[in-house]
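I opened this entry to keep track of what I looked up. The sequence and structure come first, and my notes follow.

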Amino acid sequence: MKLLEFLAALVVATVFYGGALRLFPPVVGWLDPFLIVVLLASLDRHPAWSLSQGMVAGLAYDALSGGLYGLNGIADTVVGYASARLQQRFVVQGAVQVSLLFALATALQQALLALLQFLLVRSAEIASAMRVGGKMLITSVVCTLLFVAGHRLRRWRSDHRENRKRRLTMDTR
Amino acid sequence: MNDRWTHALLLVLILGQMILLSSRPGASGSHLERFFFSLLTPISHGGSSVAELLTTISGAFDSNRVLRADNQSLREDLARMEEEVLRLRGLEEELERLSQLSGYSRPEGGSLYAADVVFIDRSSPLRTLVIYSGYARPQRNQPVLAADQGGGLVGRVITATGHYAKVQLITDRALSVGAMIERTRRKGLVQGFDESTLILDHIPLQEDVEPGDLVATAGNDGVFPRGLPIGRVARVTPGTDGLFHRIVVKPANDLARLDRVYVLTRQILPLNVRETLNREAP
């Protein structure tokens with residue numbers, strides 16, 4: 001994800017976060033919009049760039065939410081790196097593979113958050129297994145839908161460009 | 001960028017954030033947190049405002065009935081508050097007279113200013129409230145009270161930048177509030193448990209506690225002044241340690257329905273005293 005696209009995605013995630021908390025507050029407990037930005041950014045398969053984007057998105061979420069500042073920053077840094085690295089090592093192309101990868105990445109993020117809270121926060125409230133499972137499912141579904149939509153949009157744009165080029169070539173003959 | 005540099009970058013960033021986690025923030029949070037907070041809260045405020053507008057538009061279709069019900073409820077609230085104000089004025093005058101007679105000098109009362117709730121996240125373990133005040137700039141550690149629903153304690157400001165502030169809710173497990181049972185004046189500690197429950201700890205088993213007892217701030221924690229309502233005792237059971245009660249307290253306010261809050265500007269401990277105590281703390 002290019003820098004401007006990443007910043008735009010961060011702005012959309014922030015607007016969604018504020019709006020969702022006003023319209024339907026429980027949704028935020030099940031869907032982390034900043035994690036979705038990190039996972040979509042990792043589709044570029046560039047570990048260094050993905051981990052940096054993960055750190056920025058995580059620190060942004062930490063600034064808006066409670067808890068220790070840096071918890072989501074560390075977790076999303078590792079998730080961004082791991083997701084990009086896995087995509088480099090394995091062929092992850094279809095929607096099913098992508099959704100599985102994103103579910104595992106969400107599980108990794110939740111595990112890291114639980115570990116950090118357990119180590120650093122007195123009487124921390126650890127998310128239940130049901131919440132983690134629900135988050136994995138919802139995040140993978142939303143990310144997969146966005147991935148498929150992005151893929152179709154890119155294909156439509158390239159088809160449109162090809163058609164335009166063909167028409168211009170025919171007109172000049 | 002090759003693998004070695006990527007691994008080095010990962011290590012540096014994680015170590016940097018661990019240092020950030022373990023560092024003690026300044027008066028209003030770390031610089032990085034305040035930078036992100038000042039950048040992102042106006043954007044999320046925009047999202048929250050759009051959502052509120054959508055709610056208002058959808059409610060406009062039912063506006064007549066809703067407005068009448070709101071009007072009636074506001075009239076009742078106003079009548080009740082006028083009574084309460086008269087009663088409190090009488091108590092204030094009596095307290096003033098007694099203070100003069102006994103030579104007791106009361107601490108300054110401080111002042112309140114209103115703030116709007118931008119958003120409240122009480123469903124995730126990271127319970128937060130973000131407020132916006134056009135009247136004043138919130139400061140760290142200022143107590144926050146509900147503007148309606150009886151004016152109970154909501155939390156305290158933990159990060160402030162400009163007119164925005166992040167508030168740690170009383171239901172957050174990381175916040176402990178010095179509290180007392182109003183009826184018996186027995187002091188204990190209130191801590192958050194989940195999104196709508198608090199636990200009052202350190203009340204010995206031999207103390208008399210009953211469901212319905214009012215729990216208020218004790219004024220002994222250096223942050224919250226005495227007498228702010230926290231909630232009411234919901235359930236009393238013997239604790240597992242055999243020494244103290246396990247008292248479940250229901251908060252005075254429904255934190256999901258807060259639209260406006262008050263921020264109290266009173267300085268509980270003078271700044272130089274707090275700094276000395278912080279330096280001496282192990």
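This is a predicted model: local features need pLDDT of at least 70, side-chain atom pairs count only at pLDDT 80 or more; totals for chains, interfaces and linings use all residues.

**Entry 1. Helices α3 and α5 of chain A.** I looked up how helix α3 (residues 33-41) of chain A packs with helix α5 (residues 71-89) of chain A, and found an angle of about 30 degrees with the axes 8 Å apart. Angles under 35 degrees count as roughly parallel, and α3(A) and α5(A) are therefore roughly parallel to each other. I recorded their crossing as right-handed. On the α3(A) side the contact is made by A:Leu35, A:Val38 and A:Leu39, and on the α5(A) side by A:Asp76, A:Val79, A:Gly80 and A:Ser83. I sorted the residues of this contact by class and have 4 nonpolar, 2 polar and 1 charged.

**Entry 2. Across the chains.** Next I asked at what angle α5(A) packs with helix α1 (residues 3-22) of chain B. The angle is about 165 degrees, and the axes are 8 Å apart. Angles over 145 degrees count as roughly antiparallel, and α5(A) and α1(B) are therefore roughly antiparallel to each other. The crossing of α5(A) with α1(B) is left-handed. From α5(A), I listed residues including A:Leu71, A:Ile74, A:Val78, A:Tyr81 and A:Arg89 in the contact. From α1(B), the contact residues include B:Asp3, B:His7, B:Leu10, B:Ile14 and B:Leu21. By class, this contact has 9 nonpolar, 5 polar and 3 charged residues.

Entry 3. I then followed the strands of chain B and found a closed barrel of 6 strands, in the order β1-β2-β5-β4-β3-β12, with antiparallel pairing. Its neighbouring strands are turned by 40 degrees against each other on average, direction ignored. I checked one pair: β1 (residues 112-121) and β2 (residues 128-132) of chain B run antiparallel and are joined by 5 bridges. In that pair, B:Asp121 has B:Thr128 of β2(B) as its bridge partner. I also saw that helix α4 (residues 47-64) of chain A lies across β1, β2 and β5 (164-169) of chain B, at about 75 degrees to β5(B).

**Entry 4. Another barrel in chain B.** Chain B also has a closed barrel of 6 strands that runs β6-β7-β8-β11-β10-β9, with antiparallel pairing. Here the neighbouring strands are turned by 45 degrees against each other on average, direction ignored.

Is β8(B) mostly covered or mostly open? It is mostly covered, with 4 of its 5 residues buried. Strand β7 (residues 186-194) of chain B pairs with β8(B) in the antiparallel sense over 5 bridges, and a hairpin of 2 residues joins β7(B) to β8(B). B:Asp194 stands opposite B:Thr197 in β8(B).

β8(B) also runs antiparallel to strand β11 (residues 245-251) of chain B, joined by 3 bridges. There B:Leu198 has B:Val249 as its bridge partner. β11(B) is in turn joined by 7 bridges to strand β10 (residues 229-238) of chain B, again antiparallel, and B:Val236 stands opposite B:Ile247.

**Entry 5. B:Ser102.** B:Ser102 and B:Arg4 are 98 residues apart in sequence, and their C-alpha atoms are 75 Å apart in space.

Key
Residues are numbered from 1 along each chain as its sequence is written. Chains are lettered from A and ligands numbered from 1 in the order in which they are written. Side-chain values use heavy atoms; hydrogens and water are left out. Buried means under 20% relative accessible area, exposed over 50%, partly exposed in between (1.4 Å probe, protein chains only). Two strands pair if DSSP finds at least two bridges between them. Axes are lines fitted to C-alpha atoms, for helices over the stretch in contact, and angles run from 0 to 180 degrees between N-to-C directions. Angles under 35 degrees count as roughly parallel, over 145 as roughly antiparallel, 65 to 115 as roughly perpendicular and the rest as oblique. A crossing is left-handed if the near helix is turned anticlockwise from the far one by less than a right angle, and right-handed if clockwise. Contact means heavy atoms within 4.5 Å. Ala, Val, Leu, Ile, Met, Phe, Trp, Tyr, Cys and Pro count as nonpolar, Asp, Glu, Lys and Arg as charged, and the others, Gly among them, as polar.
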